[in-house]
Amino acid sequence: MGMNHLILALVSLSCLFFSTSTSTPPSYSYHYSFSHSSSSAPSAAFNVHFPKSSGTRIDQTFNKLPTLPTNNVDPGLQQICKDTDHPVECISNIVPFLGHSKFVAEPVSVLKLEIQAMDNKVKEAIDKATKLMQDHSTQKMTASCLETCLDSYKSILDSHKRVLDALSLHDVYQVSMELSSNIENIQTCEDAFLEANIKSPNIQMDSVIRKMISNTLAIGVDKVHF
């Protein structure tokens with residue numbers, strides 16, 4: 001009897017420890033519905049209702065993701081832009097150029113408008129860099145890096161002229177080569193500041209230009225076919 005009492009006591013203590021060291025699992029509800037047919041075996045529908053998560057981190061993350069604008073946007077333009085790395089920016093860059101004119105969304109026309117939008121942004125970057133270089137309060141190292149960026153910006157503009165010429169000649173290879181060269185151009189600008197270990201005053205503008213380069217490359221290489 002003494003041994004039996006000892007075993008019973010140990011089992012009770014184990015159960016008590018397990019119940020206090022584990023949290024109460026979430027409750028799930030299960031619903032079964034069966035439909036019978038005279039010509040077939042019974043079929044069952046099995047539904048599991050999971051409890052709503054109290055942690056909203058995942059929901060907040062998805063809420064922060066950019067949404068593709070669809071109101072009053074040409075479906076063809078949406079289709080072309082959705083396959084780029086930055087579809088929202090792709091559409092928002094082009095829409096201001098459309099106005100009330102009739103626009104046929106096909107890869108070449110979309111690419112030309114993306115290039116036009118990028119040219120405007122690059123010219124804006126040139127203006128800002130030039131003013132900073134002329135400002136006597138700008139540090140010499142920063143001015144030196146900006147000078148490198150100016151060369152890169154001008155190379156992008158020159159490249160775009162060659163892209164447009166290549167498009168008129170239906171030269172897909174040249175289009176691809178020129179658009180690809182812009183990656184190296186903007187990288188040269190960014191590397192200048194990285195190697196100098198200073199923050200670029202044009203960092204946000206350069207980020208926008210890099211996204212534009214990515215989108216034009218995606219459209220020019222993957223979408224343009226003659």
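**Helix packing and nonpolar cores in a predicted model**

Of the 226 residues of the chain, 29% count as buried. The model is a predicted one. Eight helices and two strands make up the secondary structure of the chain. Read from the N terminus, the elements follow the order α-β-β-α-α-α-α-α-α-α. Contacts between residues at least 6 apart in sequence were also examined; 61% of them join residues at least 24 apart.

Helix pairs were considered next. Two packed helices are described by the angle between their axes and the distance between the axes. Helix α5 spans residues 107-134, and helix α6 spans residues 140-168. These two helices pack at an angle of about 160°, and their axes lie 9 Å apart. Helix α5 is therefore roughly antiparallel to α6, since the cut-off for that class is an angle over 145 degrees. The crossing of the pair is left-handed. In the contact of α5 with α6, 18 residues are nonpolar, two are polar and five are charged.

The axes of α5 and α8 come within 10 Å and cross at roughly 160°. The two helices are therefore roughly antiparallel to each other. Here too the crossing is left-handed. On the α5 side, the residues in contact include Pro107, Val110, Leu111, Glu114, Ile115 and Met118. Further along α5, Lys121, Val122, Glu124, Ala125 and Lys128 are also among them. The α8 side includes Met205, Val208, Ile209, Met212, Ile213, Asn215, Thr216 and Ile219. By class, the residues of the contact of α5 with α8 are 14 nonpolar, three polar and four charged.

Nonpolar cores were then traced. In soluble globular proteins, nonpolar side chains tend to be buried together. The largest nonpolar core in this model holds 23 residues. Within this core, Leu77, Val110, Leu111 and Val175 touch the most other members. Helices α3 (75-81), α4 (87-98), α5, α6, α7 and α8 each supply at least two residues of the core. The greatest contribution comes from α5, with five residues. Neighbours within four places in sequence aside, Val110 is in contact with Leu77, Ile80, Ile94, Phe103, Ala105 and Ile219.

Individual residues complete the description. Lys161 belongs to helix α6. Its relative accessibility is 55%, so Lys161 counts as exposed. The C-alpha atoms of Lys161 and Ile115 are separated by 9.5 Å, although the two residues are 46 residues apart along the chain.

Positive phi values occur at two loop residues described here. His170 has a phi near 60°, a positive value in a residue other than glycine. His170 sits in the loop between α6 and α7 (172-196). Asn197 likewise has a phi near 60°, again positive in a residue other than glycine. With a relative accessibility of 70%, Asn197 counts as exposed.

Key:
Residues are numbered from 1 along each chain as its sequence is written. This is a predicted model: local features need pLDDT of at least 70, side-chain atom pairs count only at pLDDT 80 or more; totals for chains, interfaces and linings use all residues. Side-chain values use heavy atoms; hydrogens and water are left out. Helices (H or I, at least four residues) and strands (E, at least two) are DSSP runs, numbered from the N terminus. Buried means under 20% relative accessible area, exposed over 50%, partly exposed in between (1.4 Å probe, protein chains only). Axes are lines fitted to C-alpha atoms, for helices over the stretch in contact, and angles run from 0 to 180 degrees between N-to-C directions. Angles under 35 degrees count as roughly parallel, over 145 as roughly antiparallel, 65 to 115 as roughly perpendicular and the rest as oblique. A crossing is left-handed if the near helix is turned anticlockwise from the far one by less than a right angle, and right-handed if clockwise. Ala, Val, Leu, Ile, Met, Phe, Trp, Tyr, Cys and Pro count as nonpolar, Asp, Glu, Lys and Arg as charged, and the others, Gly among them, as polar. A nonpolar core is a set of buried Ala, Val, Leu, Ile, Met, Phe, Trp, Tyr and Cys residues joined through side-chain atoms within 4.5 Å. Contact means heavy atoms within 4.5 Å.
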